Amino acid sequence: MASRDVAFWKEAINDEMDSIMSNQTWELVDLPPGSKPIGCKWIFRRKYHTDGMIQTFKARLVAKGFKQREGIDYFDTYAPVARTTSIRILFALASIHNLFVHQMDVKTAFLNGDLNEEVYMEQPEGFVLLGNENKVCKLVKSLYGLKQAPKQWHEKFDHAILSNGFRHNNVDKCLYSKTCDDYMVIVCLYVDDMLILSDDMRGIIETKRFLSLTFKMKDLGEVDTILGIKVKRNSGGYALNQTHYIEKVVSKFSHLKIKDANTPFDSSIKLEKNDGRSVAQLEYASAIGSLMYAAQCTRADISFAVSKLSRFTSNPSVEHWKAIGRVLGYLKNTKELSLQYSKFPAIIEGYSDASWISSVGDNLSTTGWVFTLGGGAVSWGSKKQTCISHSTMEAEFIALAATGKEAEWLRDLMMDIPFTANNVSTVSIHCDSQATLARAYSGVYNGKSRHISIRHEYVRQLIQNGIISISFVRSSGNLADPFTKPLTRDLVRITSRGMGLKLLK
């Protein structure tokens, strides 16, 4: 209230209270004997465009849900959100099938949920009614901050959209599709952010009309930014980048004196567990979290480095901080790279790889995989294996089983999307180990290691059921290579281009 922007904050507060009151979120009552009211707090935040300009001033009344007691004020809290993999697949399909992609935002989404439990809250600061100072708010609808708020909102949205003729995707319950005579439409929900895809503008318009009649919606038009990822449409398809996000992260850790780097990880350095005192442990965890978001959304090329460095979060050393600085230097040097999708190829392809005993100290190998669609990566992973492998072949087989599992999920997802349902065939996975290939197609496994025999049976079943097929690829052409080991500058560039990470033309 003492800032220069007081007029904007007052307007934001009044907007929030208008939403709450028009939604009949609570009723004023006397506090029943034996009940305890929870508090509430005003949260203020400036929302920015991706170019750094202020978009809106946001005031949110938040209940102090941390004071709720399980079994009394709430019972269940779980609410699903769409996987970022699903979002990337939708953009790849939009590029292949030339779909329209629009965006909507639910105003005060969590206020829409109906409460089943009795929850009492103190009156909000600045809005205590004269003559009723001793009364409390009995919540009828959910409020931000409540433990069950996400669950109640998702239930409400789920019920509303299914009653309009949409149906769930079998594997991602936050994807909804509807097929009409003239058009097909998909809605993707991530809490209160919504993507609407259709092959006809009528599908978009009618879906928007229905949603606006059911909830208070903000129409954002053609998609521009989703989850902090900038979306650009060009003649070839869609491109996703996090340039602004990377600039913010680099600026946040500028005290590390970040120098430009051509690779995300120095292959000559062998990072080991720190036995001494930790160096800025909380800040290290924050840096890992910031890098992880970039790695999970668009920057597949730093996945191995982030996976490796995250293992030292509990006790980082100066050497680990130097490696963090190198990843940031690489991102700073390549911040303009976009994950680009085009019309071809219209089929999904996978790559699997492993590096044997890459973890110093515990003798564990690293699994890497990547799937591409429309010329860009849609799913990837770099993970330390959980069991010791006795040979390169075993390490490759463990990686192949993990890749097969992801392939099965991707295939099931796409078989339930109307634009691709009839075109999904066997997912081709490329592997650079001839021994693993021979073992996968062999009907008998004579080894004594149970962890390998189970994976062998799983991979064989996937092949028999026509879900995957496995073919050989040379290591130089294996796009999963950067997910298992540090590479040279030229190989980083080649594999990044192969995954669709390019500069926008």
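Which strand gives the most to the lining of the second largest pocket? The answer is S18, with six residues. The structure is a predicted model, in which local features need pLDDT of at least 70, side-chain atom pairs count only at pLDDT 80 or more, and totals for chains, interfaces and linings use all residues. Residues are numbered from 1 along each chain as its sequence is written, and side-chain values use heavy atoms, with hydrogens and water left out.

Helices (H or I, at least four residues) and strands (E, at least two) are DSSP runs, numbered from the N terminus. A pocket is an open set of points on a 1 Å grid over the protein atoms alone, where a 1.4 Å probe fits, with protein on both sides within 12 Å along at least five of seven lines. Lining residues have an atom within 4 Å of a point. A volume is the space filled by probe spheres set on the points, which are joined across faces, edges and corners.

The second largest pocket has a volume of about 820 Å³. It is lined by 28 residues. Trp369, Trp380, Gly381, Ser382 and Lys383 lie nearest its centre. Elements giving two or more residues to this lining include helix H2 (84-97), strand S17 (366-373), strand S18 (376-384) and helix H11 (450-464). The lining divides into nine nonpolar, twelve polar and seven charged residues. Here Ala, Val, Leu, Ile, Met, Phe, Trp, Tyr, Cys and Pro count as nonpolar, Asp, Glu, Lys and Arg as charged, and the others, Gly among them, as polar.

The largest pocket has a volume of about 1,400 Å³. Of its 46 lining residues, Arg45, Lys47, Tyr48, Gln55 and Gly228 are the closest to the centre. Strand S2 (40-48), strand S3 (54-63) and helix H5 (243-252) are among the elements that give two or more residues. By class, the lining has 15 nonpolar, 14 polar and 17 charged residues.

The largest nonpolar core has 66 residues. Such a core is a set of buried Ala, Val, Leu, Ile, Met, Phe, Trp, Tyr and Cys residues joined through side-chain atoms within 4.5 Å. Buried means under 20% relative accessible area, exposed over 50%, and partly exposed in between (1.4 Å probe, protein chains only). Phe91, Leu195, Val370, Phe371, Val459, Ile468 and Ile470 touch the most other members. Helix H9 (residues 392-415) gives the largest share of this core, nine residues. A second, separate core of 42 residues includes Cys40, Val119, Leu143 and Tyr176. Contacts (heavy atoms within 4.5 Å) of Phe91 include Val101, Leu195, Val223 and Tyr341, with residues up to four places away in sequence not counted.

An open sheet of six strands has the order S7-S8-S9-S10-S4-S11, with antiparallel pairing. Pairing requires at least two DSSP bridges between two strands. The edge strands, strand S7 (167-168) and S11, each pair on one side only. S7 pairs with strand S8 (residues 175-179) over two bridges. Arg167 has Ser177 of S8 as its bridge partner.

Most residues other than glycine have a negative phi, and most peptide bonds are trans. The Phe344 to Pro345 bond is cis, with omega near -10 degrees. Pro345 lies in the loop between strand S15 (337-340) and strand S16 (349-355). Gln24 is not a glycine, yet has a positive phi of about 50 degrees. Gln24 is exposed, with a relative accessible area of 60%. Lys257, also not a glycine, has a positive phi of about 55 degrees. Lys257 lies in the loop between H5 and H6 and is exposed, with a relative accessible area of 70%.
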